[in-house]
Amino acid sequence: MKKLFLMFAAVAALFATSCVTDTTSDVAVTGGECDVTLSVVAPGADSRTIGDGLKATDLTCAVYDHEWKYLTTKTTTFDNGSLSTTIEMRLVKGKEYNFVFWAQAPGAPYTFVPDQGTVKVDYSGAANDEIRDAFCQLHTFTVPDKATFDETVYLRRPFAQINFGSD
């Protein structure tokens, strides 16, 4: 009878611990975090476009894990007409991350939805308006086993420019 009671107690303890949520973070498992600084630069007037891109000041950075599971979003603005800024965050050492950068002008006809990984476009309005300028980039890296890590990301224009000439 005593053995039967102990067996039921052991099974009950097993069931009780199997329902507990694991609250340990990746930090404890992998050995720490790294302070990551991403320097983000857009091409601006030195690219082969007519517009200078200075109106595309709002930058959104969506962070995904290596399997493209959405993690978080960081937003910032470019510094005073320089088309450059920095984004700082703490990431887990040894983990691979995917970053999607999207920069646009305030009031632009685009809606970037980071958790769905989509950009929606409103096609009404003039096609040659500077407000339609945008920049984007996909950047992937594995966080090194360091205390700090700096990386530069160069954005690209996603839309082609077509120049027409006539006489």
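Trainee: Quick one: are Trp-102 and Tyr-110 buried or exposed?

Mentor: Both Trp-102 and Tyr-110 are buried. Keep in mind that this is a predicted model.

Trainee: Noted. How many aromatic pairs are there?

Mentor: The count comes to eight aromatic pairs.

Trainee: What kind of pair do Trp-102 and Tyr-110 make?

Mentor: Edge-to-face. The ring centres of Trp-102 and Tyr-110 lie 5.7 Å apart, and their planes stand at 85°. Planes over 60 degrees apart count as edge-to-face, so that label follows.

Trainee: What about Tyr-97 and Phe-99, which class is that pair?

Mentor: Tilted. The centres of the Tyr-97 and Phe-99 rings are 6.4 Å apart and the planes meet at 45°. An angle under 30 degrees would count as stacked and one over 60 as edge-to-face, so the rest are tilted.

Trainee: Why quote two values for each pair?

Mentor: Because a pair of aromatic rings is described by the distance of the centres and the angle of the planes.

Trainee: Fine. Are Tyr-97 and Phe-99 buried or exposed?

Mentor: Buried, both Tyr-97 and Phe-99.

Trainee: Which residues do ring pairs link into a cluster?

Mentor: Tyr-97, Phe-99, Phe-101, Phe-141 and Phe-149.

Trainee: New topic. How many helices and strands does the protein have?

Mentor: Two helices and nine strands. Going from the N terminus, the order is α-α-β-β-β-β-β-β-β-β-β.

Trainee: Which strands form the open sheet of three?

Mentor: The order across that sheet is E4-E1-E9, with mixed pairing.

Trainee: Which strands stand at the edges?

Mentor: Strand E4 (84-92) and strand E9 (148-154). Each has a single partner strand, so one side of each is left without a neighbour in the sheet.

Trainee: What does the twist average?

Mentor: From one strand to the next, 20°.

Trainee: How many bridges join E1 to E4?

Mentor: Nine. Strand E1 covers residues 33-41, and E1 and E4 run antiparallel.

Trainee: Which residue in E4 stands opposite Leu-38?

Mentor: Ile-87.

Trainee: Last topic, the whole protein. What share of the residues is buried?

Mentor: Of the 167 residues in the protein, 32% are buried.

Trainee: And the accessible surface, what does that come to?

Mentor: About 11000 Å². Carbon and sulfur atoms hold 55% of that surface.

Trainee: What share of the contacts joins residues at least 24 apart?

Mentor: It is 71%, counted among contacts between residues at least 6 apart in sequence.

Terms used:
Residues are numbered from 1 along each chain as its sequence is written. This is a predicted model: local features need pLDDT of at least 70, side-chain atom pairs count only at pLDDT 80 or more; totals for chains, interfaces and linings use all residues. Side-chain values use heavy atoms; hydrogens and water are left out. Two strands pair if DSSP finds at least two bridges between them. Helices (H or I, at least four residues) and strands (E, at least two) are DSSP runs, numbered from the N terminus. Axes are lines fitted to C-alpha atoms, for helices over the stretch in contact, and angles run from 0 to 180 degrees between N-to-C directions. Rings of Phe, Tyr and Trp (its six-membered ring) pair if their centres lie within 6.5 Å; planes under 30 degrees apart count as stacked, over 60 as edge-to-face and the rest as tilted. Buried means under 20% relative accessible area, exposed over 50%, partly exposed in between (1.4 Å probe, protein chains only). Contact means heavy atoms within 4.5 Å. Accessible areas come from the Shrake-Rupley method with a 1.4 Å probe; for residues, only the protein chains shown count as cover.
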